[in-house]
Amino acid sequence: MAEEEKKQQTAAEEEKQQEKQSPEKEEASSEVKETQQEAPEKEEEKATEKESKEDAKTAALMDQMMRLQADFANYKKRTSREKAEIAAYTTEGLLKKLLPIIDNLERALAATENEDGSKELATGIQMVYKELMKTLKDEGLKEIEAEGKPFDPKYHHGVAIGNEEDVDDQVVLDVFQKGYMYKDKVIRAAMVRINQK
C-alpha cells in the first residue's frame, strides 16, 4: 500500500507539474501561432516593398530610355539639317573667290568706255562678264539691289554719308562695291554711301 500511495502521490505531482507546464506550453504555443501569423504579413510587406523598389527602378529606366530616344531623334534631325545646309552652300567659297574677278571686270569695262580704247576689247570683256554673271546666277548668286533703296544693315555696309536735299533720309546714294547673295544668304554686303539729313 505504501507503494501504491507513493505512485498516487507521484502521479498527483506529475499532474500538478503538467498543469503548471500546460499554461507555459499554451503561452509558448500561442506565441508560436502569433509568430507564424506575423511571418506571412512581414513577408507580404517585404514583397510589396521589393515590388515598389523594382517599379521605381523600372520607371527610372523607362524615363532614361525615353530621354535617350528623344536625344537621338534630335541628333538625327540636327545632322540631317547640317548635311542639307552643307550641300546647299558648297559653292559659297568659290563664289567669294570669284567676286574680286567680277569687280576687276567691271572696272575694266568702265575704263574702256571712258578712254578711246578698242571697241573690240570692250566687247570681249563685256561678253566674258555677261557669261560669268550668267553662270554664277545659275549657281544661285544674286546681286543685292542698293542704289536708291532704303538702307538696310542686313544687305548694305555704309562707309560714307552724303547730304542731298532731294533724296529721303537713310537712302543709298551710291554703291562703291556691289553686294551679293547666295540663295538666301548674304555673302557680301554692298558697300554704300547713305543720305543723312
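How many bridges join strand β4 (residues 179-182) to β5? Three, and the two strands run antiparallel. Here are my notes on the rest.

1. First, the ground rules. This is a predicted model, so to speak of a local feature needs pLDDT of at least 70, side-chain atom pairs count only at pLDDT 80 or more, and totals for chains, interfaces and linings use all residues. Residues are numbered from 1 along each chain as its sequence is written, and side-chain values use heavy atoms, with hydrogens and water left out.

2. Now the sheet with β4 in it. Its three strands are ordered β1-β4-β5, and the sheet is open with antiparallel pairing. (Strands are DSSP runs of E, at least two residues; helices are runs of H or I, at least four residues; both are numbered from the N terminus. Two strands pair if DSSP finds at least two bridges between them.) β1 and β5 (185-188) are at the edges with a single partner strand each, so one side of each has no neighbour in the sheet. On average, neighbouring strands here are turned by 40° against each other, direction ignored.

3. β2 pairs with β6 (residues 190-195) in the parallel sense over six bridges, while β3 and β6 pair in the antiparallel sense over four. You can find Gly-158 opposite Val-192 in β6, Ala-160 opposite Arg-193, and Gln-177 bridged to Met-191.

4. Is β6 enclosed or open to the outside? Five of its six residues are buried, so β6 is largely enclosed by the rest of the structure. (Buried means under 20% relative accessible area, exposed over 50%, partly exposed in between, with a 1.4 Å probe and protein chains only.)

5. On to the largest nonpolar core, which has 15 residues. (Such a core is a set of buried Ala, Val, Leu, Ile, Met, Phe, Trp, Tyr and Cys residues joined through side-chain atoms within 4.5 Å.) Ile-102, Leu-136, Leu-141, Tyr-180 and Ile-187 have the most contacts inside it. Two or more residues each come from α2, α3 (119-138) and β4, and α2 gives the largest share, six residues.

6. Two loop residues are worth a look. Most residues other than glycine have a negative phi. Gln-170, in the loop between β2 and β3, has a positive phi of about 60°. Lys-183, in the loop between β4 and β5, also has a positive phi, near 60°. Gln-170 counts as partly exposed at 31% relative accessibility, and Lys-183 is partly exposed at 37%.

7. Which classes of residue line the largest pocket? Five nonpolar, two polar and five charged residues do. (Ala, Val, Leu, Ile, Met, Phe, Trp, Tyr, Cys and Pro count as nonpolar, Asp, Glu, Lys and Arg as charged, and the others, Gly among them, as polar.) Among them are Asp-103, Arg-107, Phe-176 and Lys-178.

How values were computed. On a 1 Å grid over the protein atoms alone, a cavity is a set of points where a 1.4 Å probe fits but cannot get out, and a pocket is an open set with protein on both sides within 12 Å along at least five of seven lines; lining residues have an atom within 4 Å of a point. Axes are lines fitted to C-alpha atoms, for helices over the stretch in contact, and angles run from 0 to 180 degrees between N-to-C directions.
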